[in-house]
Amino acid sequence: MSDAAGADGDRRLRVDLDVDPAAEGGCPIVAESDDAAAVTVNAAGDDCVVDVTTPDGEVRRGTGEVDEGCLCHAFGRVGCAPHFRRVEDGTVLVTAYVDDRDAVRGLVEELRGVVDRVRLVRLAVVEGPDATEQVTFDLSSLTPKQRRGLELAVVRGYFDDDRDVRLRELADELGISKSALSQRLRTAQAKLVTDVFDGGER
């Protein structure tokens, strides 16, 4: 099976996440440099070897021990492979391909158990044997509060047809009023819809 699409061209999701590895974990991805234009990871057995390319082109090698708290293992436990794209100020941008929204939720929850912070940046629908992106939802245009509200709503299944979570519960988790969260979600959804249709006309 292709990583981006099933062998029969099934529809999948590409997930882009900003991840802050746990400070006490000593992840070699961020140990060598707070900024990297490229990252290559080889985690085999008990050892992890990482090559990071700094923005000025210098390649630095870091090593670490593999354990259950490793970032790579978190992806493996939900059946997907991480693609580390870059590091900015100690935050790793990582891409993974998953089958559905349930897998997105599972991945985010798994990561929350081993990293200091994880944020959903972008969801893209990937379709066909050539793994072309048909529709893209880019969350980078949202404010941090809007992104956090939308991320929580998606992860908790608020938008699912058979949802069992209420807006009040999400608002309480964020420490804001129900009306404030409702407004954030409406504004965020409006931005995303506008971006999708604007992008389609270019």
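How do the residues lining the second largest pocket divide into nonpolar, polar and charged? There are 13 nonpolar, five polar and two charged residues in that lining, with Ala, Val, Leu, Ile, Met, Phe, Trp, Tyr, Cys and Pro counted as nonpolar, Asp, Glu, Lys and Arg as charged, and the others, Gly among them, as polar. This is a predicted model, in which local features need pLDDT of at least 70 and side-chain atom pairs count only at pLDDT 80 or more, while totals for chains, interfaces and linings use all residues. Residues are numbered from 1 along each chain as its sequence is written, and side-chain values use heavy atoms, leaving out hydrogens and water.

**Overall layout**
- The chain holds six helices and eight strands, taken as DSSP runs numbered from the N terminus (helices H or I, at least four residues; strands E, at least two).
- Read from the N terminus, the order of elements is β-α-β-β-β-α-β-β-α-β-β-α-α-α.
- Of the 202 residues, 43% count as buried (under 20% relative accessible area; exposed is over 50% and partly exposed in between, with a 1.4 Å probe and protein chains only).
- Among contacts (heavy atoms within 4.5 Å) with a separation of 6 or more, 56% join residues 24 or more positions apart.

**The largest nonpolar core**
- This core has 51 residues, and L17, I29 and L111 have the most contacts inside it; a nonpolar core is a set of buried Ala, Val, Leu, Ile, Met, Phe, Trp, Tyr and Cys residues joined through side-chain atoms within 4.5 Å.
- Strand β7 (residues 115-127) gives the largest share of this core, five residues.
- Domain 1 (12-127) and domain 2 (139-199) both contribute residues, so the core lies between them; the domain bounds come from an automatic or database domain assignment.
- Beyond its neighbours within four places in sequence, L17 touches residues including V92, V94, L111 and V121.

**The second largest pocket**
- About 320 Å³ of space lies in this pocket, the volume being the space filled by probe spheres set on grid points joined across faces, edges and corners.
- A pocket is an open set of points on a 1 Å grid over the protein atoms alone where a 1.4 Å probe fits, with protein on both sides within 12 Å along at least five of seven lines; lining residues have an atom within 4 Å of a point.
- Of its 20 lining residues, G25, C27, G69, C70 and L71 lie nearest the centre.
- α1 (28-31), β4 (59-65) and α2 (71-77) each supply at least two lining residues, and α2 gives the largest share, three.

**A positive phi**
- D89 has a phi near 50° and sits in the loop between β5 (83-88) and β6 (91-98).
- D89 is exposed, with a relative accessible area of 68%.
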